[in-house]
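Here is a short walk through one protein model. Keep the sequence and the 3D view side by side as you read.

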Amino acid sequence: KTFIEFKDLDPRIDGMISTFLDLLNEKFGTIDIAWKKGFKKHVSETIDELQMETICQSLHYPYNATRLFQSLLPFKGGVMLSIWDIDPSHTRQRQRPPSRETGPHGMKGRLSVSSL
């Protein structure tokens, strides 16, 4: 293996993030829909810890929402998350031209923690 996955660094946090992404996927299908309908945000807007706690409660997320929020922050001391912090592959997929596999937004398949 020539790369490091999040689960190699911290399997517990990897499980928390994977569970969150799975619950978002089950309820909304894509990160775009989750961001718009679940978080009620435009893709250019951010969320705070309270908004993360609210969505986690609505998803019946079984872990600590504050710990999840802190784990997703891109830098120490941050207080807001963007759609790209939750699913970094979203940026790469949006930059790709659409294909039959990815559809009009360049999005393909499920949300995944391996993309973090």
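Begin in a loop. Lysine 40 sits in the loop between α3 and α4. This is a predicted model, and the backbone does something to note here. Lysine 40 has a positive phi of about 55°, although this residue is not a glycine. Is lysine 40 buried or exposed? Its relative accessible area is 64%. The cut-off for exposed is over 50%, so lysine 40 counts as exposed.

Histidine 60 is found between α4 and α5. Its phi is also positive, at about 60°, and histidine 60 is not a glycine. Relative accessibility is 69% for histidine 60, so this residue counts as exposed.

Now return to the loop between α3 (31-38) and α4, where isoleucine 47 has its place. How accessible is isoleucine 47? Its relative accessibility is 0%. Buried means under 20%, so isoleucine 47 counts as buried. Look at what surrounds this side of the loop. Leaving out residues up to four places away in sequence, isoleucine 47 touches Trp35, Phe39, Lys41, Met52, Phe69, Val79, Met80, Leu81 and Ile86. Take methionine 80 from that list. Isoleucine 47 and methionine 80 are 33 residues apart along the chain, yet 5.4 Å separates their C-alpha atoms.

With a relative accessible area of 8%, leucine 72 falls under the 20% cut-off and so is buried. Among the residues it touches, beyond four places in sequence, are Ile17, Met52, Leu81, Asp85 and Ile86. Aspartate 87 is 15 residues from leucine 72 in sequence, and their C-alpha atoms are 9.3 Å apart.

Which residues of α2 meet α5? From α2 come Arg12, Ile13, Met16, Ile17 and Phe20; from α5 come Arg67, Leu68, Ser71 and Leu72. By class, this contact has six nonpolar residues, one polar and two charged. The axes of α2 (residues 11-28) and α5 (residues 65-72) come within 10 Å and cross at roughly 100°. Angles of 65 to 115 degrees count as roughly perpendicular, so α2 is roughly perpendicular to α5.

Step back to the whole chain. How many helices and strands does the protein chain have? There are seven helices and zero strands. Along the sequence, the pattern reads α-α-α-α-α-α-α. Of the 116 residues in the protein chain, 41% are buried. Take the contacts between residues at least 6 apart in sequence: 58% of them join residues at least 24 apart. The protein chain exposes about 7,100 Å², and carbon and sulfur atoms supply 54% of that area.

Finally, consider confidence. The mean pLDDT of the protein chain is 82, and 75% of its residues reach 70 or more. Over residues 104-109 the pLDDT is below 50. In the model, this stretch has 15 contacts beyond near neighbours in sequence. Where pLDDT is low, predicted coordinates should not be read in detail.

Notes:
Residues are numbered from 1 along each chain as its sequence is written. This is a predicted model: local features need pLDDT of at least 70, side-chain atom pairs count only at pLDDT 80 or more; totals for chains, interfaces and linings use all residues. Side-chain values use heavy atoms; hydrogens and water are left out. Helices (H or I, at least four residues) and strands (E, at least two) are DSSP runs, numbered from the N terminus. Buried means under 20% relative accessible area, exposed over 50%, partly exposed in between (1.4 Å probe, protein chains only). Contact means heavy atoms within 4.5 Å. Accessible areas come from the Shrake-Rupley method with a 1.4 Å probe; for residues, only the protein chains shown count as cover. pLDDT is the predictor's confidence in each residue, from 0 to 100. Axes are lines fitted to C-alpha atoms, for helices over the stretch in contact, and angles run from 0 to 180 degrees between N-to-C directions. Angles under 35 degrees count as roughly parallel, over 145 as roughly antiparallel, 65 to 115 as roughly perpendicular and the rest as oblique. Ala, Val, Leu, Ile, Met, Phe, Trp, Tyr, Cys and Pro count as nonpolar, Asp, Glu, Lys and Arg as charged, and the others, Gly among them, as polar.
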